[in-house]
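Biologist: I would like to learn how to read charged side chains in a structure. Please show me the model and take me through some cases.

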Amino acid sequence: MGTGTGKQVCRAGLAFVILAVLSCGLASTGVSADYPRRVAIAPFVSLSQDNIASTVAVLPRLLSSRLMAQAGAEVLLLASGEKSPAEQARGAGVPLLIQGTVTKLGKGYSVDVTALDLETGKTAGAFFTAASTEDEIIPQIGFLAGEISEKLFGIKTAVRPSAVQPAVAAPAAPSPPVSPAGPSAGPSVAPLAAAPAAPSGPWEPRSIVKVAFSDKISDEIFRVSSGDVDGDGNPEVAAIGSRKLWVYKVSGDTVAPFRKHEWNNSHLFLSVETVDIDGDGRAEIVVTDLVGDRVNSFVLKYKGDVLEPVAQEIPFYIISLEDGKGGRRLAGQRRGISEPFLREITYLKWDGKTLVPDGDVPVKVAAGIFGLAAFPGDAENRFLYIDEDEHLRILNPNGKTAYKTKEYYSGAVHLFTWGTETRSNIGPDRHYIRGRIVPVTTEGKSPLFLIRQSKGNVLFRDTRTFEWSRLLYVSWAGDGFAEKGASDRIDNLMTDFTVLGSGRPGPGTRVAVTTIESNASYASGAVSRIQLYRMD
Amino acid sequence: MRKGWMVLLAMALVVALAVPASAEMKLNGFYRVKPTMSNLIGAGNISANVPGMETAAATSLVKESGSGSGIDTARSRNFTEMRNRLRFEIGDENVKGVTFFELDGNFGDTGGTVGRNQGFAANGDSINLETKNAYVWFKVPDTGLSFTVGLQGYLDEFGGLLFGYSDQAGVVANFKLEPVALRLTWLKIRDNVTSSTTADTTINFKWSNNPPGDSDADYYALDAKFAPAKDVQVTGHFGFLRDSGSWIGQPTEAAALEILKAYYLGANATFNAGPAKVTGFFLYNFGTFEDDGGTAADVKIAGYAARLRADAKLGPGNAFLEGLYVSGDDDTSSTTKYKSVIVGSDFAALTSYYFSPDLLILFPNLDMINSAAALTLSPSNSGRGVILLAAGYSQKFSDKVSGKLGLGYLAADKKRKSSTSTEAKGKDMGTEINANVNYNITKGLDFGVYGAYCMLGGFYDRAAGEKNPDDLYDLHARLNYAF
């Protein structure tokens, strides 16, 4: 090898190094800081003459839960004591200390927060937000948490509420109660749409509009259900990712974090339902869980301030099924030895200890219970079903198809696999957890159903790429389904929805919709939200 | 490659537009790239099960082959393979047509030529599309009857011992008559299109001088599956294989006989036992090799196989334990009996594919592409039979990262001496430890690193004066995009 060649090699190596450095630089663009996500929060100080001490005292706790939820941060809440907050934080080995004040100027409040880098002693960041009333302070904590998450931890957030909300036509969101074990108020967004006018005559939903959305959830949420879990009269929304349960509280147009639980990697959640199974007035959370190759569903009950398992190892895939008479019951389907679903479906009841079979559901499906719903008021006792290709079907009780749409009601992204890769396939069979179809029939009206629809790639279906999503009302006209109204299309994928409240929906009924942000960074992980819609 | 892909895509779009409105079209597949470094590299489809005491053959394990035969274990080699599969499915829930293509080769092999398993060299442009499957599946209206007709992937009831998802042409009928599910199979393994003499290795359509019906091979089977309890499933099996021509794995005992009539009687069962799922089978193979019109005595077949496997959740992960036994025949000079099992790989390489132990060196593995090499690809082990013990533990470490640790032990059931001088020193073939770590980059895209080390047993010890082969290893990575 001559000298010329050596130079070329050197140049190539130099070019490679420069390219690598540039690549690293570009890759890190958008991440403004990379502090470890461990932080201590000192008690906030009130600089107001007014007596807002009780509100100020709870702010560190609220900020803590939001940092945990939005950034997955480990947060240490410091107590007032002999040692300074910095000494306490250093003693605990936490790299960052957050200190805050609440100041009243005129009629408004300013919440000011600084983050101290305990290793260097320098300020890592300063943040502030403003509120026009004391009631508005709590919602603004979510904004602060988003700023801190982004600036200190590089957890980028999308649209957040502005520091001072503009006036809107809808009533202000009430402050939700604060749980002793954690905050129940959260960074909800101001209402996006005005409340509807009261309907005249029999009501039939024609449109559905977005009114609010939650903070970011660092998970791929694919299933959601709602019920009054804590018995306070406000519904909670239970949303699941693969192995995390996120419970949010809905108060008016506020969707705020309430509880979060995480299971280990051996779990794969498939579905969640929120139903009062024991008749005590509080809804239990029923999660269909796959552990290894076994279905081990479980029930959580809110006791004291925590969600406790009250039944486990229930060998059924479980859904809440319209019973055709206006009520809802849990129904289950077993896994077979050589097939992922046995065809038979059974109603389930609570026997005081666990869920046990309680009679057969008069329909059989081989492709899984997910996507099944009864057809209320149908003279032939038929069922609605979103099949494995995500067509909508009407099934006779024997499981045979009476009608099948050409249209796709797709959008399923979560799946479990069955079998193994072989020499004759392209991998294990994939079984997607399809969406729901929910009857929203009102008395004296023809059947009307709410369903999620996403426009996906038809040929390369398993790439699970989608152009848009929407919620859609469809009605059965006797010889086919007709579209009766829809929400606006959104770019992000709607993964599931749940109608809030008990009984038949009416004007103003809220629908919680889970979405995955499709424009989330390839490398930054999943981001989901709970969106609040209103039926009009 | 690019041209081929464009042609395929154009075809897909044309077909998608042409199919009836009620029919659907799906396209699935994967792209897989597998760089490998190993000292067990053969020419592909290699069963390195020649005892060390025998004269070295091309598939023998030797220390250094020099100018002789054998796989040179003292030398590591590296190469990169790629495989792309495309599976088109057209139809609805009542009728479907499936066409399944494959392209694969080795980076740098050849380019601009015609032939399978190549085309990844400079400028690409090879004609290298393989058809794995082309079949139609349909239901008979208002019955529990369905048919699969054509070239299809076929799995037996014995974990791939006979047919391990091998691609076979035939007709398979499934009939559900609750609580029993029946499967009737006819596979045409050969109809005079392959050579009937070992000298003529060309693959030609030779009906002009050898009409259909001569020298052909058929497989017939009836499987009956039922569930006596909700956590138990049992399948009974009867199969018959008739071959009127010679074939690649014909045992020495029956080398002069033309007709094979092999019968298979077996059962498998799967049940849940506490936290474990247990599955097992027993298979008895009997029949005869016969002289077609001659007077040579029949050679009777009397082989059997059994398997037991348990899968269970263990801590945060999943574990399995598996044992497989296939009877062997000790003496090729005996001309009255053959005591091993006639398996699919006795007809065509890799027809049998027993992959559930997930071993990288001892037994076939699904990651094998064209360089497929293992101590025993065929579970009959050239008539020696096998004793296989395997265990594995897999666990997810995070939402993105998972790993697996595996162990395996393989021995020949019999040394199968053809003469005293060629008797293997031992039955132990090897003990393997393997591990892998996989990272899910994004949905459908995974990257994994795999490694295995195999301590060879006495089976491979060479004769006095020759060096024994080195222990074997395999290191490979796998980038896989499934869609």
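Biologist: Is B:Lys63 buried or exposed, or does it count as something in between?

Modeller: Some ground rules come before that: this is a predicted model, in which local features need pLDDT of at least 70, side-chain atom pairs count only at pLDDT 80 or more, and totals for chains, interfaces and linings use all residues. Residues are numbered from 1 along each chain as its sequence is written, chains are lettered from A and ligands numbered from 1 in the order in which they are written, and side-chain values use heavy atoms, with hydrogens and water left out. Buried means under 20% relative accessible area, exposed over 50%, and partly exposed in between (1.4 Å probe, protein chains only). B:Lys63 has 22% relative accessibility, so it counts as partly exposed.

Biologist: Which side chain does B:Lys63 meet in a salt bridge?

Modeller: A salt bridge is a side-chain nitrogen of Lys or Arg within 4 Å of a carboxyl oxygen of Asp or Glu. Here B:Lys63 meets B:Asp470, at 2.6 Å from N to O. B:Lys63 is in the loop between strands E3 (61-62) and E4 (71-72) of chain B, and B:Asp470 in the loop between strands E22 (445-456) and E23 (472-482) of chain B, so the pair ties together parts that are 407 residues apart in sequence. Strands (E, at least two residues) are DSSP runs, numbered from the N terminus. B:Asp470 is partly exposed too, with a relative accessible area of 23%.

Biologist: Which side chain forms a salt bridge with A:Arg243?

Modeller: That is B:Asp399, at 2.5 Å from N to O. A:Arg243 lies in the loop between strands E9 (236-240) and E10 (244-251) of chain A, while B:Asp399 lies in the loop between strands E19 (386-396) and E20 of chain B, so the pair joins two chains. A:Arg243 is buried, at 9% relative accessible area, whereas B:Asp399 is partly exposed at 40%.

Biologist: How many salt bridges are there over all chains?

Modeller: The count comes to 58 by this rule. Some residues are linked in a network of salt bridges, among them A:Asp387, A:Arg393, B:Glu24 and B:Lys26.

Biologist: Which residues gather in a patch of positive charge on the surface?

Modeller: A patch is made of residues with over 30% relative accessible area and no salt bridge, with like charges joined within 9 Å. Lys and Arg count as positive. The patch here consists of B:Lys300, B:Lys337, B:Lys339, B:Lys414 and B:Lys427. B:Lys427 is in the loop between strands E20 (401-412) and E21 (428-442) of chain B, and is partly exposed at 38% relative accessibility.

How values were computed: Patches are made of residues with over 30% relative accessible area and no salt bridge: like charges are joined within 9 Å, nonpolar side chains (Val, Leu, Ile, Met, Phe, Trp, Tyr) within 5 Å. Accessible areas come from the Shrake-Rupley method with a 1.4 Å probe; for residues, only the protein chains shown count as cover. The place of a charge is taken as NZ of Lys, CZ of Arg, CG of Asp or CD of Glu. Helices (H or I, at least four residues) and strands (E, at least two) are DSSP runs, numbered from the N terminus.
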